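Please look at the sequence and the structure below.

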Amino acid sequence: MPPTKKKRSHRRTFRQILGGVRRRVRRAAGRARSVWRRSLQLQVVTSTLVISVTVVVVLGTFLFGQINKSVVDSRQQASAGEASADRLQIADALALDPSGESKPATSGEKGAANPLDEVMDAITGSGEDGSKKRYDVVIFNPTTPGQSRASGSVVPMNVPLSTKGRLQRSVNKFDYDETVGSIEEIKFAGASQARLTYVIGGIVHVPSTGLTYEIYHFFPFDAEEELLSNVRLAIVVVGMGLVLLLAAIAYLVARQVVTPVRLARQAAERLASGKLDERLKVRGEDDLARLANSFNEMAANLTLKIHQLEELSQVQRQFVSDVSHELRTPLTTVRMAADLLYDAREDFDPMAGRSAELMQAQLERFESMLADLLEISRYDAGAATLDLDSVDVRDVVLRAIGDSEALAERHSTRFELRLPNEPCMAEMDNRRVERILRNLLFNAIEHGEGRDIVVTVGADRDAVAVAVRDHGIGLKTGEDTMVFDRFWRADPSRARTIGGTGLGLAISREDATLHGGWLQAWGQPGEGSQFRLTLPRNAGADLKGSPLSLVPPEIEMRRTWRGTMTPVLLPASGDGADYGTEFGADYDDD
């Protein structure tokens with residue numbers, strides 16, 4: 001494989017791995033967010049942890065800073081006192097008075113060759129309690145390089161240049177009482193790493209000889225660093241313990257409060273699912289106990305109201321069913337008499353013949369309404385069942401259109417069919433689906449204002465769909481769901497032209513729901529409306545989508561065209577001062 005292809009393959013593999021990692025991270029983050037949103041106890045504990053950690057960190061930092069400052073300040077003061085005492089001792093050893101006057105001294109005669117040896121022995125010896133001093137000293141005369149001494153592992157090269165420069169400026173100004181100090185990281189001879197050291201520089205001047213000695217004290221902060229490290233560790237341990245303690249307290253308190261709330265939520269869910277005897281246990285007399293009492297009272301009242309409504313609904317359903325059945329017998333008799341009168345209308349005078357025709361038409365409408373009421377009562381009672389059979393939806397559509405042709409001719413309406421070439425087989429109740437389509441076609445004829453009605457059939461692997469499109473008055477915003485309510489009319493002042501009962505679409509929706517399907521409506525004022533019936537191919541299967549769009553294709557294309565057109569200003573005919581508008585999109589004038 002060529003190197004270029006290998007690189008591309010490696011890059012593709014790396015991108016795939018990176019994409020997989022990103023997807024796993026997103027899924028994990030999504031699960032974490034879901035757990036966070038759903039758990040009140042986790043939110044309380046997490047919030048308490050965040051707040052307590054913030055407080056402990058701030059207080060711990062402040063406390064450690066104060067302790068650090070106090071320890072360093074006290075050590076600097078003690079070191080300055082020791083350095084001042086040593087300089088006085090050095091002055092005495094060199095036969096100097098603090099005021100600078102010379103005095104005879106036997107020690108000066110003893111160390112006349114080099115008095116610094118006796119001075120160094122005097123100031124670096126053991127303390128009064130026999131303990132070794134914790135600091136080192138460097139003494140030297142800048143004018144006489146040979147006259148310098150250093151104790152321990154300190155050498156004159158360890159003196160910081162900044163400290164030495166500041167002290168040298170004091171010497172140049174003949175300010176022999178000046179002392180300078182600084183905290184530096186110094187690596188002593190033989191040490192593996194630098195040590196934090198407080199360096200104090202001072203001056204000892206010998207008036208009798210005119211010599212000036214620079215004295216540098218080195219006070220390591222080893223003990224102080226160890227102390228501060230122990231303090232820091234103690235603060236961290238105590239802080240972590242305090243945070244864990246606060247988290248445990250928050251967990252217990254949140255559990256004590258959240259557990260009754262969770263039980264109330266579970267009881268409410270069971271109550272909502274139909275278990276009306278669900279109640280909460282009441283413990284104590286606190287606010288949570290009062291909440292449980294209130295919930296139980298609400299559940300009892302709700303159960304009572306539901307039972308009352310069920311009884312009322314049962315009475316209403318029984319009344320509608322009984323009245324509908326009782327009306328069938330006299331209606332049959334009236335129907336027989338009306339048929340005789342209608343058949344003999346030719347022999348009557350014009351007024352009586354017209355009355356026979358009107359009575360025949362109203363009886364047909366009354367029978368239709370009675371049939372719809374009986375069907376609605378069966379749905380309300382839960383007694384509606386399906387007689388399933390595998391049929392071709394195209395045949396059902398053609399039969400429904402055949403039943404609607406006479407009405408369409410009376411309203412000067414034509415049907416435009418858009419059927420697929422392949423069979424659209426589905427398990428359905430042929431009678432109920434045909435009734436749905438007839439209701440949709442009758443509704444389109446009544447509101448289509450004589451314009452063409454488009455009937456489209458579509459199918460995919462899981463579902464079949466039928467869309468009925470009219471170009472009439474359309475639907476206003478919000479009416480796409482209200483249109484399926486019982487006895488609902490978009491315009492109460494508008495008279496029914498085909499004698500509908502106002503229950504057709506409501507029954508159609510119940511038929512579609514009984515099949516596990518959808519019956520949906522779309523409409524815009526002046527653009528007409530479209531009703532879409534979607535049914536699963538296999539009875540009992542869940543619908544995931546529809547083969548047909550609810551919005552008519554021409555409306556969708558018009559929206560897309562309007563969203564993508566670009567206005568371009570062009571000079572209009574004339575002198576060029578006026579401008580017309582041309583849209584940067586191809587379209588037909590039709």
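**Helix, serine and rings**

Helix α6 has 51 residues, 222-272, and at 1.5 Å a residue these should span 75 Å; the end C-alpha atoms are 71 Å apart, which agrees. The model is predicted.

Helix α6
- A bend of about 30° occurs in α6 at V258, and the proline P260 follows within four residues.
- V258 is also one of the buried residues of α6, which include E224, L228, G239 and L271.
- After α6 comes G274, which has a positive phi, near 115°.

Around S79
- S79 is part of helix α2, residues 40-93.
- The relative accessible area of S79 is 0%, so S79 is buried.
- A polar atom of the S79 side chain lies 2.8 Å from the backbone oxygen of R75.
- Apart from neighbours within four places in sequence, S79 is in contact with Y198, I200 and F219.

Aromatic pairs
- The structure has 3 aromatic pairs.
- Y135 and F219 form a tilted pair, with 4.7 Å centre to centre and 40° between the planes.
- Y135 is in the loop between α4 and β1 while F219 is in strand β5, so this pair ties together parts 84 residues apart in sequence.
- Y135 counts as buried because its relative accessibility is 8%, under the 20% cut-off.
- F219 is buried too, at 0% relative accessible area.
- The ring centres of F484 and F531 are 6.0 Å apart and the planes are at 85°, so this pair is edge-to-face.
- F484 lies in the loop between α11 and α12 and F531 in strand β12, 47 residues apart.
- Both F484 and F531 are buried.

A charge over a ring
- R345 lies over the face of Y342, 3.9 Å from the ring centre.

Notes. Residues are numbered from 1 along each chain as its sequence is written. This is a predicted model: local features need pLDDT of at least 70, side-chain atom pairs count only at pLDDT 80 or more; totals for chains, interfaces and linings use all residues. Side-chain values use heavy atoms; hydrogens and water are left out. Helices (H or I, at least four residues) and strands (E, at least two) are DSSP runs, numbered from the N terminus. The expected span of a helix is 1.5 Å times one less than its number of residues. The bend at a residue is the angle between axes fitted to the seven residues ending there and the seven starting there. Buried means under 20% relative accessible area, exposed over 50%, partly exposed in between (1.4 Å probe, protein chains only). A polar contact is a pair of N or O atoms within 3.5 Å; within protein, one must be able to donate a hydrogen and the other to accept it, and residues adjacent in sequence count only if both atoms are side-chain atoms. Contact means heavy atoms within 4.5 Å. Rings of Phe, Tyr and Trp (its six-membered ring) pair if their centres lie within 6.5 Å; planes under 30 degrees apart count as stacked, over 60 as edge-to-face and the rest as tilted. A charge sits over a ring if NZ of Lys or CZ of Arg is within 6 Å of the ring centre and within 35 degrees of the ring normal.
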